[in-house]
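Student: I would like to work through this structure with you, one element at a time.

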Amino acid sequence: MDIQSAIEGAKACITTVQAAIDLLDLKPVPVQRFGTIAALTDCIDVVDEALAWIEERGGGVILEFPYIGGYEISREIIVTTPNTFLRFMDPVLNLTSTTACAAVSFRGTIDNLLLNVGIIGPVEINGNGSNVVGYVYDTGNPISGDNPCLLFKWVDGALAERVIARNGLTCGLRSFQCRDVRWIDCEGHDSVYDNGGSIEYNHPTFDPDIPSTWSSSQVVRFKASGNRGFGIGSFGAKDVFFQHPKVWDNGNNDGTHPAGAGGGIALEFHLGGAFDFDHRLVVLEPDITNVWGAGIYVTCGGTRVQGGRIDGVKEPTEYPDGAEQGDGIVLFGQTSIDTNCTITNCDRHGIFALATEETGLPSITYRGVMVGCGGSAISARGASYVRVLPETIIESCGGVVISVTNDNADYNAGNGSVFLSGNFNNNENRVSAVDGVARCIVGKVQGSGNGTGLSTASIAMDHQNVALVDVDGVILTENDSNVYFGVRATSTCDEARIKNVSGTFTAAAISNAASTVIATTLTAPTGGNFVDVEARASLGAIRNLLIAMGEAK
């Protein structure tokens, strides 16, 4: 599925909660019908009376909370009846309990999913995160997360609109094992332990090939700030569409938090099986600023980030392992991402990808703009492939701009592909360093003013231990005097063809010491592609070259 098809398919599913209610033909009933309620006075007994009446009639009700100047509850509102909605005309609901709990929850069971339930605002739910003392959050125990402001658990049709959740003990909004989740214009702020919003779906009946078992959820215009974990995340869910999420000031730097440093958006794999299938996760136009840890953290396949920006991701200095922190986008394991997101001013890398096992290999396709990253624009270790497309612009990065290293015997050594093009300007280090891959295809590369931070002789685009290097079309001008060569293939490369390289280099444009130097003279057959007719390499080299050229289209 291409990214545009994913976006259009997700948009077609989006509706307002009110539209869903209209289809259900629900009966509005005011909560005051069941008892007297005063402003900012505990009303939980009256609400429980109302919910008991709704259960007796089997649902089909909108329980309305008219404006009174603020509602207060001393324990959790629990809805267990299908086709039941809460509608607030009053913008305040305060939870005063000092015991760990949710403020509002909709609960089914594994054997009996609760159907078509939800809450409509505008309402601000103030949880009890700061009121609970001595609570210990266990990230490995799903029940430990049952204490957000708003909880949906084992629900089919979990709907929320215009709900602002603040000060949740665990999350702001949480969906656990729910299908058809729709959160529209909701917000999650200042969660004490975890995320502003979490879509969690490690359902036992899940099958990546059967759509009816997927989460199939939409989160529209979600906002999140001040959460100790991520702003919002999808955990184990397939077929989730995040439209225009805005997250800022999330994550932490305390060094001991059980959920880690957190960050902007988390997209994680299904715990019940392999994570290499297409999770069909689409993030459209994210706005992620000033977060600790990772702008977007990915551990699953099939992630598409269309447009938007990630700016100012900070590296948490108090965490000892720092390996995945301070990056715009992080990929771990057999993950894949296709994005044109603008990434700026990250403490470390723009995109950081790391293999986690022999078959857990990340893949990257990038076509956006990166500026001002402290490390590399893209740093990949053990990648299946890295594709940087011609429209890419990368400027003012501190590390090697594109660094791909597959030299570890346990992580794809000697395999993987790099396809590199784009515009590179005013970067402090080398444009690229590729080591240990099967092939590197370079073309349509241009830029100027690179290498300004180099202190010793170096190469703009360097290749080591690469089976096949094919370079055609590099223009790099006004480089620092320490940029001695434009493109190099060392003697550790098996076969290399390098041509059409020009620019400002202290020594020479090309240094080709590969074991087999493939001739560079081309003829152009009428109506066909360029074919190397003067190659002096083996038949195997020619075959590999043609395959690589085909993939590079």
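Predicted model: local features only at pLDDT ≥ 70, side-chain atom pairs only at ≥ 80, totals over all residues.

**A helix and a buried aspartate**

Student: Which residues of H3 are buried, and how wide an arc do they cover around the axis?
Tutor: The buried residues of H3 are Ile 44, Val 46, Val 47, Ala 50, Leu 51 and Ile 54. They lie on the same side of H3, because the arc that they cover around the axis is only 160°.

Student: How far apart are the end C-alpha atoms of helix H3, given its 14 residues?
Tutor: Helix H3 runs over residues 44–57, and at 1.5 Å a residue its 14 residues should span 20 Å. The computed separation of the end C-alpha atoms agrees with that expectation, being 20 Å.

Student: Which strands are included in what covers the buried residues of H3?
Tutor: Contact is counted for heavy atoms within 4.5 Å. By that criterion, what covers the buried residues of H3 includes strand S2 (61–65), strand S3 (71–73), strand S4 (77–79) and strand S5 (84–88).

Student: Is Asp 287 buried or exposed, and to which side chain does a polar contact join its own?
Tutor: Asp 287, which has its place in strand S22 (residues 287–289), has a relative accessible area of 19%. Buried means under 20%, so Asp 287 is buried. Leaving aside residues up to four places away in sequence, Asp 287 touches Pro 245, Lys 246, Val 247 and Arg 309. Its side chain is joined by a polar contact of 3.3 Å to that of Lys 246.

Conventions: Residues numbered from 1 in each chain as written. Heavy atoms only, no water. Helix = DSSP H or I, 4+ residues; strand = E, 2+ residues; numbered from the N terminus. Expected span 1.5 Å × (residues − 1). Buried < 20%, exposed > 50% of the residue type's maximum accessible area, 1.4 Å probe, protein only. Arc of directions from axis to C-beta. Polar contact = N/O pair within 3.5 Å; in protein donor to acceptor, adjacent residues only side chain to side chain.
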